[in-house]
Amino acid sequence: MTTEPERLPFFVYGTLRPGEANHARTLRGRTAAEEPAHIRGALLYDGPGYPYATDGPADAVVHGDLVRPRDADYDEVRAVLDRLEGHVPGAPDNLYERVPIDAVLADGRTVRAWVYLAAAPLAARLRSTAAPLAGGEWRGSRAEHGRPPAGPGRRRGRPPHPG
């Protein structure tokens with residue numbers, strides 16, 4: 001397991017949000033705090049069962065949650081999320097890149113956090129073949145069950161969303 005110097009919380013916008021399947025599998029019981037947040041400068045695209053976020057114009061917004069892993073679980077959580085998102089630090093063929101970004105909390109505070117954005121080849125394909133989700137919010141299984149809409153997460157091995 002690689003240890004990186006920055007132990008940032010994670011901004012999640014799809015199946016890793018509280019109430020979603022990948023949250024239950026990877027984060028439940030390992031977080032110190034979870035709270036609604038959003039990021040600017042990113043666009044959200046729908047995928048087959050999960051969304052993709054990409055860089056976007058400065059005024060674009062993606063809604064999700066800020067998740068703070070417990071200190072004792074941090075390295076394991078980061079490794080599990082990296083595997084889930086198809087991310088290997090420094091690898092040229094990542095599906096997602098984990099990058100630092102400013103997340104804005106409901107009270108207006110800004111917190112530096114990791115977010116998984118679609119890697120460049122996939123992001124270019126999404127921009128050329130798909131329309132971003134209006135409002136920057138993915139409505140996963142939580143919406144289907146009458147709960148607030150659900151951030152990144154996907155199973156490794158699924159084919160990339162073609163747009």
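Author: Two strands pair if DSSP finds at least two bridges between them. The model here is predicted.

Reader: In which sense do strand 2 and strand 5 pair, and over how many bridges?

Author: Strand 2 (residues 31–40) pairs with strand 5 (residues 61–69) in the antiparallel sense, over 9 bridges. Within that pairing, Arg40 has Val61 of strand 5 as its bridge partner.

Reader: How many bridges join strand 2 to strand 6?

Author: There are 3 bridges between strand 2 and strand 6 (residues 96–105), and the two run antiparallel. Ala37 has Leu105 in strand 6 as its bridge partner.

Reader: How many aromatic pairs does the structure hold?

Author: It holds 5 aromatic pairs. In one, the ring centres of Tyr50 and Tyr52 are 5.6 Å apart and the planes stand at 75°, so this pair is edge-to-face, since planes over 60 degrees apart count that way.

Reader: Are Tyr50 and Tyr52 buried or exposed?

Author: Tyr50 is buried, at a relative accessible area of 1%, and Tyr52 is buried at 0%. The ring of Tyr52 also pairs with that of Tyr96: the centres are 5.5 Å apart and the planes at 25°, so the pair is stacked. Tyr96 is buried too.

Reader: Which parts does the pair of Tyr52 and Tyr96 tie together?

Author: Tyr52 belongs to strand 4 (residues 51–55) and Tyr96 to strand 6, so the pair ties together parts 44 residues apart in sequence.

Reader: Which residues do ring pairs link into a cluster?

Author: Phe10, Tyr74 and Tyr116 are linked in this way.

Reader: Where does the charged end of Arg98 sit?

Author: Over the ring of Trp114, 4.6 Å from the ring's centre.

Terms used: Residues are numbered from 1 along each chain as its sequence is written. This is a predicted model: local features need pLDDT of at least 70, side-chain atom pairs count only at pLDDT 80 or more; totals for chains, interfaces and linings use all residues. Side-chain values use heavy atoms; hydrogens and water are left out. Helices (H or I, at least four residues) and strands (E, at least two) are DSSP runs, numbered from the N terminus. Rings of Phe, Tyr and Trp (its six-membered ring) pair if their centres lie within 6.5 Å; planes under 30 degrees apart count as stacked, over 60 as edge-to-face and the rest as tilted. Buried means under 20% relative accessible area, exposed over 50%, partly exposed in between (1.4 Å probe, protein chains only). A charge sits over a ring if NZ of Lys or CZ of Arg is within 6 Å of the ring centre and within 35 degrees of the ring normal.
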